[in-house]
Amino acid sequence: MIRIPTKKKSKKSTRKTDTRVDGRKLNELRPVKIEVGVLANADGSAYLEQGKNKVLAAVYGPKEVHPKHLAQPDRSIIRCRYHMAPFSVDERKHPAPSRREVELSKVIREALEPAVFLEYYPQTSIDVFIEILQADGGTRCAGITTAALALADAGIPMRDLVAACAAGKVDGRLVLDLVDVEDKNGEADVPVAFLPNLEAITLLQMDGNLTVEEFEQVVNLATEGCKQLYALQKKALEEKYVTVSEEVEEE
Amino acid sequence: MKSPIVARVKQKRIAQLVSSGKRLDGRGLNDYREAQVEVGLIERAEGSARVRLGKTEVMVGIKVEVGTPFPDVPNAGVLTVNAELVPLASPTFEPGPPDENAVELARVVDRGIRESKAIDLEKLCAVPGEKVFIVFVDVYVLNHDGNLIDASAIAALAALLNTKMRKYEVKDGEIKMKTGYTQLPMQNYPIATTFAKIDNTFLADPWLEEEEIMDARLTMTFGKDGKICAIQKGCCGYFTQDQIMEVAKIAKEKSAELRKLVVKD
């Protein structure tokens with residue numbers, strides 16, 4: 001449970017100790033827990049907890065495209081659905097896709113596409129489903145981090161994993177990985193998706209108010225966060241596949 | 001939305017020219033097409049504007065209606081932005097509910113106005129928690145020749161500045177309209193600037209055929225104080241951090257230039 005101190009108190013106490021509403025340092029990620037290969041039916045899947053965010057992603061494909069006219073003769077297409085469960089937020093969210101979810105599905109797809117060798121699978125689609133089971137700020141980024149792992153788990157050839165993380169400005173300070181209250185009361189929020197090996201930024205959005213100089217620092221902060229997540233992603237993949245290969249050897 | 005097909009020779013020609021700093025229509029890399037802004041064309045709407053950016057044409061109409069506020073902000077009016085990619089605007093637009101491109105367009109325009117606090121929404125509250133004014137911004141694309149975001153954002157700002165709402169008074173919790181009009185309470189002028197990336201070169205204000213072959217797109221919206229208030233990266237390519245900062249510098253200058261089209265000081 002996050003305790004939200006009163007305004008006056010929070011300014012005093014946070015500035016003094018240099019910590020945030022949930023006690024983190026300015027450049028500290030929330031605790032992350034990742035598991036790869038969690039769903040039996042999907043070709044690839046992953047589950048991620050980042051603070052109170054709980055995200056499930058599944059990948060089906062490459063498979064035949066329906067309707068057929070969407071198929072591309074020279075490459076595979078990615079279809080992506082980002083969706084929040086009705087119970088994922090305080091006030092029940094109507095299950096029908098909102099305009100926010102339509103936009104996020106689009107930008108998440110565009111964040112994942114540069115990472116995948118789409119030209120290997122012409123005439124097919126790769127379907128990516130992201131379900132937010134519980135939301136506490138930064139779910140689009142958590143969704144990308146999880147979906148990239150599900151793609152890797154499905155055995156789809158990739159140039160790199162995609163790690164995503166937001167940074168922003170809260171109470172005049174630049175901070176990494178904003179929780180919901182920080183996002184709502186803060187001055188700016190900048191979600192970034194990053195392919196560390198290619199140094200490519202594939203998702204960049206912002207809302208709020210920042211000078212160009214502050215913006216540059218925030219992007220720096222966010223990419224550093226992405227690099228930390230990237231290490232955790234690789235560890236999670238290793239954990240699954242190292243155990244699998246050990247089991248095979250035993251047999 | 002089906003994308004129009006650009007002949008391979010033309011694709012190559014565009015890319016070739018871009019690598020030597022030129023463009024097919026003779027513009028420099030950082031040049032915008034000729035822009036025209038007209039306001040007050042629709043008398044029935046509280047505010048309206050039509051923007052032509054080259055052959056791209058966008059109309060924005062503003063309607064102001066009385067409604068209930070959101071429970072979490074009972075003292076503020078409501079801003080709603082909607083965009084329609086009208087089928088008459090392009091052979092690739094289909095009738096039907098807004099697709100992801102229309103939703104993205106509306107939300108990027110919305111973010112610019114909202115985050116820059118362009119409208120002082122608190123002044124649009126008549127009876128706190130009960131009756132506020134809702135500002136509907138409807139973006140209507142009339143001809144699609146690329147860079148709909150910038151054209152729509154300019155048109156939205158011009159239409160908001162053109163908006164006149166009826167004077168009113170509050171009696172026993174009821175709104176009574178009076179004769180005469182007032183301007184919308186505007187306090188910032190957000191301007192969006194969009195750049196396309198083709199072969200690691202950046203082009204301001206991409207037109208349709210450049211959009212078809214671009215690797216990625218970056219839109220930055222600036223307020224009048226020169227601060228960034230919204231960003232949207234689009235398309236399936238990527239940017240490096242240095243490229244983003246390079247675009248930010250040019251975008252800041254361009255947004256100040258474009259603002260003069262709408263705000264005369």
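**A friendly note on a two-chain sheet**

1. Let's start with chain A, which has 5 helices and 9 strands. Read from the N terminus, its elements follow the order α-β-β-β-β-α-β-α-β-β-α-β-β-α. Please keep in mind as you look around that this is a predicted model.

2. Next, the overall build of chain A. Its radius of gyration is 19 Å, close to the 18 Å that the globule rule gives for 251 residues, so chain A is as compact as a globular protein of that length. The C-alpha trace spans about 60 × 45 × 35 Å along its principal axes. Of the 251 residues in chain A, 45% are buried. Sequence separation is worth a look too: among contacts between residues at least 6 apart in sequence, 70% join residues at least 24 apart.

3. Now to the feature that involves both chains. An open sheet is formed by 8 strands, in the order 7(A)-6(A)-8(A)-9(A)-12(B)-11(B)-9(B)-10(B), with antiparallel pairing. At its edges you will find strand 7 (173-176) of chain A and strand 10 (201-204) of chain B, each of which pairs on one side only. On average, and ignoring direction, neighbouring strands of this sheet are turned by 20 degrees against each other.

4. Where do the chains join within the sheet? Strand 9 (residues 200-210) of chain A pairs with strand 12 of chain B in the antiparallel sense, over 4 bridges.

5. Within chain B, strand 9 (residues 191-198) and strand 11 (residues 216-222) run antiparallel and are joined by 7 bridges. Here T194(B) stands opposite T219(B) of strand 11.

6. Helices pack on this sheet as well. Helix 2 (residues 99-112) of chain A touches strand 6 (163-170), strand 8 (188-195) and strand 9 of chain A, together with strand 12 of chain B. The direction of this helix makes about 140 degrees with that of strand 9 of chain A. Helix 3 (residues 148-162) of chain B touches strand 9 and strand 11 of chain B, and its direction makes about 175 degrees with that of strand 9 of chain B.

7. Finally, the contact between the chains takes 25 residues from chain B and 25 residues from chain A. On the side of chain B that touches chain A, helix 2 (100-115), strand 12 (228-234) and helix 5 (241-262) of chain B each supply at least two residues. Strand 12 of chain B gives the largest share, 7 residues. By type, the residues on this side of chain B divide into 12 nonpolar, 5 polar and 8 charged.

Technical notes: Residues numbered from 1 in each chain as written. Chains lettered and ligands numbered in written order. Predicted model: local features only at pLDDT ≥ 70, side-chain atom pairs only at ≥ 80, totals over all residues. Contact = placed C-beta atoms within 7 Å. Nonpolar A, V, L, I, M, F, W, Y, C, P; charged D, E, K, R; others polar. Pairing = 2+ DSSP bridges. Rg over C-alpha atoms; globule rule 2.2 N^0.38 Å. Buried ≥ 20, exposed ≤ 12 C-beta atoms within 10 Å, placed from the backbone. Axes fitted to C-alpha atoms, helices over the stretch in contact; angles between N-to-C directions.
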